[in-house]
Structures are given as structure tokens and as C-alpha cells.
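Take a look at the chain below.

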Amino acid sequence: MSGKSPPPPLLPPLPPPRASGPLQVIPLGPPPVPPSHRYSTRRLRPLLPSDVATPSSSTTRAPLPPPPRRRAVLAACIACRKRKSKANHGGRPKCVECTRRETDCAYDTGGDETPGRALKRRFADLENQASVFENIYRILRTRPQPEADAVLNRIRAGEDPETILRHVQHGDLLLQLSVIPESRYRYEFPFMITLPLRLQTPTNNYLSSLIYEWDRQSPPKDPQEDGLEPLNSMVSADQASNAGLHGPYLRPYHAAEVIDPLIDSAEPAEWTMVSSDNALMRTLLRAYFLHEHHWYTILHKDCFLADMSSGRSRFCSSLLVNALLAMACFCHRALPKRAEFWNPYTLGYQFHAEAKRLWESEQNRNRLTTVQAAILLNLVYSLNGADRLGQIYTSQAIAISKELGLFEKPADWESMSPKVRIVRTITAWGLYGYECEYVYHFLREPLLEMPPDLELPDVDNHPEWYSEVWLKYPLQQTLYPMHFGHSFKALCEFRAIMKDVSVGYYFGRPAPRPMPSLEIIVKLYSRLGAWYNKLPEPLTARKIIFPGQMKLHMHYCHVVANMFQPLVEPPLGSRGANRTISLFPPSDAFIFNGRSAQGVLLDAQIHYETVLRLYYLRHGFEGMDSFLLLLLSTIAFKSIQEIKLSKNGDDHQGSNDLSHLNTLRSTLILCAKGLYDQGRSWFLPQSIFRLVRDAMLDAEANLLQQFANIPDEVKENEDNRLRHIQSHWPVNIVDIRMSNPEEQQLTNLLRAYADLNLETASDYADD
């Protein structure tokens with residue numbers, strides 16, 4: 001034992017104690033390692049296989065079993081997520097952890113949803129909910145006042161938004177079903193539902209038209225069964241002119257919708273500061289091209305819409321877009337108070353004000369778009385009864401057109417692009433036609449002496465010149481052409497003849513103006529007859545269906561009647577004031593193509609009223625139609641005078657019987673109803689309706705209120721608004737040779753009417 005060395009000490013010797021002294025500051029850092037653990041700071045070598053005990057070793061322990069794995073769940077409950085609990089929180093309707101803790105358990109995910117999927121679902125629900133509220137907001141903003149009030153009442157009653165929206169949408173679907181006429185829907189004449197016998201003459205070729213035949217008899221229940229109307233197709237112009245396709249003949253025109261991909265891709269909000277609602281403004285564009293574009297054509301539809309979509313300013317401008325949208329607001333029936341041109345809260349007022357602002361700030365006015373916008377602004381003023389102010393824009397449009405050389409081919413005509421040549425030609429003829437209408441109906445001196453020296457090419461050989469308007473009716477996939485090219489070309493040719501008629505009968509002749517020579521009358525009537533006989537097939541009396549086509553025929557009859565009236569009736573002054581047509585026995589001195597002047601006049605009057613009645617029978621008078629005012633007012637004032645003559649026994653037709661009187665009443669009530677219906681869209685018909693109703697006798701006024709459902713109340717301050725109308729239009733012109741048309745101007749008549757009402761009210765107050 002003594003030879004063995006002693007074992008090494010288990011612990012190193014302690015350091016000697018330090019001398020006492022001042023307190024030593026220990027720097028910051030990790031805490032000192034206790035002496036008993038200083039060996040643990042040495043670097044450990046890697047574990048070797050020999051260090052691991054083998055199973056045969058007597059010191060080996062049995063390995064511990066692995067801990068049980070938690071069952072994965074798709075989503076935890078809300079309480080477990082807040083606690084960040086790691087326990088097994090699966091189970092529905094109450095998880096294990098919430099059961100153990102005795103707390104409420106709720107899930108915001110479905111049974112098969114992860115939190116990510118639930119988040120996407122909630123986002124989609126919010127989007128759908130926002131869409132529902134947006135649709136309800138759009139309904140409250142765009143629907144007529146009664147419908148908006150009904151929706152608002154449902155909201156205040158606490159009804160579910162989706163239920164309200166579903167109710168409105170289903171109501172629209174039922175409305176679409178109701179405008180599929182066939183045997184279920186059609187307009188009926190007020191007071192007398194049948195066509196008057198005096199119109200059913202052997203020479204009335206409009207009684208053999210398809211529109212009258214289909215309204216007179218019951219059409220087949222399903223035209224497709226007879227192979228008449230293919231579905232999911234676009235009908236070509238040639239196919240649509242075939243009588244086998246009866247879609248437009250069975251449905252009112254205002255139920256149709258213009259289908260054009262250029263409108264769908266247009267962004268009107270980029271061109272105006274009035275509204276950012278592109279969907280609403282696209283609807284306004286469709287309404288304009290449906291109701292007014294075919295009659296007052298001033299631009300090329302495809303070129304205008306293509307530039308609007310692409311942002312180019314060659315055929316589109318902010319001025320033109322705002323002027324067109326101001327006009328379109330009259331055409332959209334869903335806009336409330338659209339006839340109140342004085343109301344600054346209406347869209348029409350705002351678009352018109354923006355267009356006027358842009359007109360004043362226009363730097364370069366020598367552009368085609370400025371000419372087009374000027375005519376549209378004049379139209380807006382005219383519809384509001386202020387054509388005296390609007391005529392300034394037409395005068396400037398003509399001046400700009402002359403500076404641009406619009407009415408003739410310039411030296412660089414051949415080098416121009418085809419689109420520029422097309423747009424220049426359409427604009428020139430549109431401006432000339434508008435001027436011809438103004439000269440004829442307002443009895444004003446023409447500002448354009450000659451028509452444009454630009455030829456309108458054949459419609460069938462050059463369809464690209466005339467952008468077709470395609471129509472789609474509810475619950476159908478077939479598209480029907482309006483035959484716009486044929487209508488536009490025929491209307492331009494007719495207006496050129498019409499201006500020559502007004503010049504031959506009125507201008508350059510001293511008052512009282514004598515009849516033009518028989519040679520001039522024969523020449524003008526021959527030109528009109530040649531034009532009528534060469535009308536293309538879609539515009540013939542047999543095939544006409546759309547309002548623009550029917551107005552063309554009524555306008556023709558109107559001009560012929562005005563031409564031949566002086567040959568049959570003596571001048572106005574010899575028969576008393578305010579006399580209309582009262583036929584004298586025919587004079588043998590005036591024979592035209594084997595027919596007397598009285599026969600030509602009588603046929604023109606019969607055809608005029610027949611087409612007007614067919615217009616109402618198929619389409620009604622509810623859709624916006626600016627030219628319909630002149631047609632309705634002409635027949636209305638004529639009927640009033642004929643009724644007075646009939647009651648006085650002074651008509652030369654010898655028809656004092658009640659049947660003839662009721663026929664005249666039926667015509668008068670129909671025209672008055674048309675004026676009232678048009679007055680819902682624009683203001684001027686309201687003033688003409690007031691004049692017509694005031695000119696009626698008491699019996700006819702009572703029948704109007706009874707059979708046309710027209711209220712008799714007078715709106716507050718309406719008389720004051722009528723006094724501010726500034727219109728040169730000579731209303732109730734009974735003789736184209738009249739010496740002083742200013743006496744019949746609408747402004748003077750309405751002021752006299754308002755003064756009469758004020759005097760009457762004062763008399764009642766004195767009593």
C-alpha cells in the first residue's frame with residue numbers, strides 16, 4: 001500500500017483568498033461558471049459506437065414508448081385559437097378542450113373547411129352582399145319614382161335586401177314576358193277600338209301592309225314551328241326583308257334593345273365629368289341609337305363608338321359625347337323627371353351644362369365633331385322649347401362646315417382615308433337634312449342653297465358606309481336589322497325635294513303669296529312620286545314596320561297634303577281665321593296622272609292617318625320620338641276644326657251624323673294621348689297638349705279624360721314655365737301660303753294662352 005501513489009484530487013485546489021480591499025467592479029457578461037461545473041465547459045467529443053450500451057449489457061434499460069401523436073384537425077374553435085391551446089381541440093359541436101374547461105365552443109368554419117377556405121368563402125359572401133346593395137342603389141337611382149318609392153318602403157319595413165332585389169328582377173322578367181305581343185299584348189285605340197270606316201278605302205294600300213295584317217288577325221303561337229324565326233342567329237338584311245320573319249311585326253319597338261359590341265366596350269366615363277357610371281351611360285347610348293339616331297343622323301355610329309372605346313379623338317370628343325348623352329337622357333324611359341329641363345339634379349341638365357361649358361372653352365372648333373355636337377345641342381334646345389336659342393348652334397355648324405369644305409370634295413379627297421371620306425359625307429348630308437327640316441317646318445329662309453356635292457353610294461354594294469343598327473327583342477336570340485342605310489339614303493333624297501317645295505311655295509314670293517305655277521306643282525309632285533315608287537323593298541308600304549320607316553311615309557303624305565290643299569281650298573282669309581282643310585268640289589283644271597287635286601289631297605290625308613294609327617297599334621306612343629310631335633299636332637288641330645264644323649253643320653262632306661263625329665273624336669283623343677305620352681319624355685309636347693286640350697270643346701275634353709286616362713289637374717307654376725318658351729315653330733299652320741306665320745309661333749300662342757289663364761283666374765278672384 002505504501003508503494004502506491006495517492007489518487008489525484010477530485011477537485012482542483014481553491015485559489016488563495018484575496019486580500020481585502022475596495023470593491024471590484026465585475027464587467028457585464030455571462031455569469032461565472034461554478035467550480036463544480038467547470039469541466040462541463042470543455043468541448044465534448046462526438047459520441048462513439050462503443051459508448052452505447054449493447055442490449056446484452058446488464059445495465060441496459062428498456063426504451064420509453066413514444067408519446068402519442070395528436071390527432072390533426074382542419075380548424076380549431078374560436079376559443080382554442082384565442083388560448084393558443086395545443087391540446088386535442090377537435091370535435092364538434094364542442095371540442096375536447098372546451099369540454100374539459102367547461103367553456104363555450106364555437107366554430108367560424110365549416111366541417112370540411114380549413115381557415116383559408118373559410119376566409120375565401122367569407123370574402124365571396126361579402127362581395128355578393130356588396131353586389132346586392134349596389135344593385136339596390138342602382139334601382140333607387142335609375143328607376144321611375146313610383147318604383148323607387150316602393151323599394152324604399154320595403155327597405156324601411158326591414159325586408160331582406162336579397163328578397164327585395166329578387167322581387168324587382170322577377171318583376172322585370174314578368175314585364176319582358178308581357179311585351180311579347182302575339183295574342184297576349186297589343187295597343188288598342190281609345191274611345192273607338194276599330195279602324196274608322198272612312199280610312200278603309202280601295203286605294204289605301206297601307207291596309208295590305210304586314211303590320212296591319214298581323215295586328216288584325218291572330219298570329220301563330222310559335223313562329224318557329226312554321227320555320228319562320230330561327231333562334232340563335234343573326235338575320236341578314238335580305239332575310240329580314242322577307243315576309244317570313246315576323247319578329248318585329250309582333251312586338252313594340254320600345255321593347256327592343258340595340259346590340260353592338262362597340263357600345264359594350266365603350267368607356268364614356270373617360271369623356272365626361274358628369275358621371276362615372278359606365279353601365280348607365282352605355283344604356284343611354286343604346287337608347288339614343290334606338291330612338292333618335294335613325295331620324296336625325298349626324299354622325300357615323302361605328303366610327304364614333306370605335307374612337308370612344310380606343311380613346312382617339314378623330315371622330316369623338318368630350319363635347320360630342322356630352323351633347324349626345326344630353327340628348328340620350330330624353331330617350332331613356334327609366335330616368336325620372338327627364339322632361340324637366342330646368343331641374344339641375346337631372347342627368348340631362350348636367351350633361352347639357354357640361355356640353356355648353358366645353359363649347360365655350362373649345363379652342364379649335366374647325367372639327368367634324370364640333371359640327372356634330374352643334375346639331376345635337378340645337379336638338380336639345382328644340383326639345384326644351386327653346387329653338388330660338390338653339391338655332392345659333394346650327395348657324396355656327398354651317399359656318400364651320402363651309403370652312404372645312406364639307407359640302408364638296410376637297411383637292412385631297414382621294415388621299416383621304418376611307419373612314420374620313422365616309423364620316424365627312426354622312427355628316428354633310430345629315431346637316432343638310434336637318435336644315436331642310438327646319439326650313440320646311442319653321443318657314444325660315446334656307447342657309448344652305450344646294451345639297452352636298454357628295455354622292456351617297458348604293459346601300460347594298462357599300463354597306464360599310466351605313467353602320468347598321470341591330471335589334472334584339474326580349475327572350476329572343478335573333479338579331480334584326482333596322483335597315484338603317486336604306487332609311488338614311490331615302491330620307492336624304494326626300495328632304496332635298498321637301499326643301500324645294502317650301503322654296504317654291506313660300507320663299508321669294510310677296511305676301512299674300514299666290515299659288516306657284518301649275519308647271520312647278522306638276523314638277524314637284526312628279527319628283528315626289530318618282531321617289532316614292534323607287535323606295536327599296538324594306539321601305540315599301542307593304543313591309544314598313546319600324547318607327548323611322550313609318551314616319552318617312554307619314555312625312556311624305558304630310559308634304560303632299562300641304563302641296564294640294566291650296567288647289568282645293570281658297571286662301572285662309574276668305575274663309576275665316578283658323579280654318580283647316582275643308583274640301584271643295586274638285587276643279588277640272590287640276591288633273592295629275594288621271595286624278596283630281598281633291599282626290600290626291602284626300603288620299604294623302606287618309607294614308608297619313610292610317611299610318612299614324614298603325615304606328616300606335618303596334619308601337620304605342622310611349623317611346624321617345626321627337627318628330628312624332630309634329631305629326632300628332634297636325635292631325636289634332638285638324639280634327640278639332642273638323643269637329644267644330646261638323647257640329648255647326650258647315651262641313652262640305654255632308655256628314656253631320658253621330659258616326660262621323662265619333663270618328664273625329666276618336667282621332668282627336670288618340671293624338672292628344674300621344675302628345676301627353678310624349679310629354680313624359682320631353683317638355684315641348686306638354687305645351688302643345690295644353691294648347692290642344694284648351695282648344696277642345698267640353699264634350700271632347702271630358703271624353704279625353706275618361707278614355708285616355710289623362711288627369712285634368714294643372715301642375716303648380718306650369719303656366720309660368722310655358723311663358724318662358726322661346727320657339728319659332730309656327731303651330732297649327734293651316735295654309736303653307738299664309739302671309740304672317742309669326743302670328744302662329746308657339747311662343748306667341750303660349751304667352752297669349754298664359755295671359756288668358758291669368759285673366760280668367762283674376763275674374764274668378766273678383767267674383
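What follows starts with the ground rules and then moves from the inside of the model to its surface.

## Ground rules

This is a predicted model, in which local features need pLDDT of at least 70, side-chain atom pairs count only at pLDDT 80 or more, and totals for chains, interfaces and linings use all residues. Residues are numbered from 1 along each chain as its sequence is written, and side-chain values use heavy atoms, with hydrogens and water left out.

Helices (H or I, at least four residues) and strands (E, at least two) are DSSP runs, numbered from the N terminus. Buried means under 20% relative accessible area, exposed means over 50%, and partly exposed lies in between (1.4 Å probe, protein chains only).

## Cavities

A cavity is a set of points, on a 1 Å grid over the protein atoms alone, where a 1.4 Å probe fits but cannot get out. Grid points are joined across faces, edges and corners, and a volume is the space filled by probe spheres set on the points.

How many cavities of 30 Å³ or more are there? The count is seven. The largest cavity has a volume of about 320 Å³. Its lining holds 17 residues, and the closest to the centre are Y296, S382, F442, S626 and F627. Lining residues have an atom within 4 Å of a point.

Which of them gives the most? Helix α15 does, with five residues.

The lining of the largest cavity has 12 nonpolar residues, three polar and two charged. Here Ala, Val, Leu, Ile, Met, Phe, Trp, Tyr, Cys and Pro count as nonpolar, Asp, Glu, Lys and Arg as charged, and the others, Gly among them, as polar.

## Salt bridges

Side chains of opposite charge can pair when their charged atoms come close. A salt bridge is a side-chain nitrogen of Lys or Arg within 4 Å of a carboxyl oxygen of Asp or Glu. The whole structure has 20 salt bridges. The table lists some of them.

| Pair | N to O distance |
|---|---|
| K301 and D260 | 2.5 Å |
| D264 and R286 | 2.3 Å |
| E267 and R282 | 3.3 Å |

Start with K301 and D260, which form a salt bridge at 2.5 Å. K301 sits in helix α10 (residues 301-310) and D260 in the loop between β1 (257-258) and α8 (261-264), so the pair ties together parts that are 41 residues apart in sequence. Both K301 and D260 are buried. Another residue of helix α8 is L262. L262 is partly exposed, at 25% relative accessible area. Its C-alpha lies 9.4 Å from that of K301, though L262 and K301 are 39 residues apart in sequence.

Next comes the bridge between D264 and R286. D264 is in helix α8 and R286 in helix α9 (residues 278-291), 22 residues apart, and the pair links distant parts of the chain. Are the two partners buried or partly exposed? D264 is partly exposed at 45% relative accessibility, whereas R286 is buried at 16%.

Then there is the bridge between E267 and R282. E267 lies in the loop between α8 and α9 and R282 in helix α9, so the pair ties together parts that are 15 residues apart in sequence. E267 is partly exposed, with 31% relative accessibility. R282 is buried, at 16%. Elsewhere, salt bridges that share partners join E97, R100 and R101 into one network.

## Backbone angles

Most residues other than glycine have a negative phi. F191 has a positive phi, near 70°. F191 is in the loop between α5 (161-178) and α6 (210-216) and is partly exposed at 24% relative accessibility. L443 also has a positive phi, near 55°. L443 is in the loop between α15 and β2 (470-472) and is buried at 8% relative accessibility.

L670 is in helix α21 (residues 658-678) and is buried, with 2% relative accessibility. The C-alpha atoms of L670 and M192 are separated by 9.5 Å, yet these residues are 478 residues apart along the chain.

## A surface patch

L140, L152 and I155 make a nonpolar surface patch of about 200 Å². Patches are made of residues with over 30% relative accessible area and no salt bridge, with like charges joined within 9 Å and nonpolar side chains (Val, Leu, Ile, Met, Phe, Trp, Tyr) within 5 Å. Accessible areas come from the Shrake-Rupley method with a 1.4 Å probe, and for residues only the protein chains shown count as cover. L140 is found in helix α3 (residues 115-142) and is partly exposed, at 32% relative accessible area.

Notes
1 Å grid on protein atoms, 1.4 Å probe; cavity = no way out; pocket = protein on both sides within 12 Å on 5 of 7 lines; lining within 4 Å.
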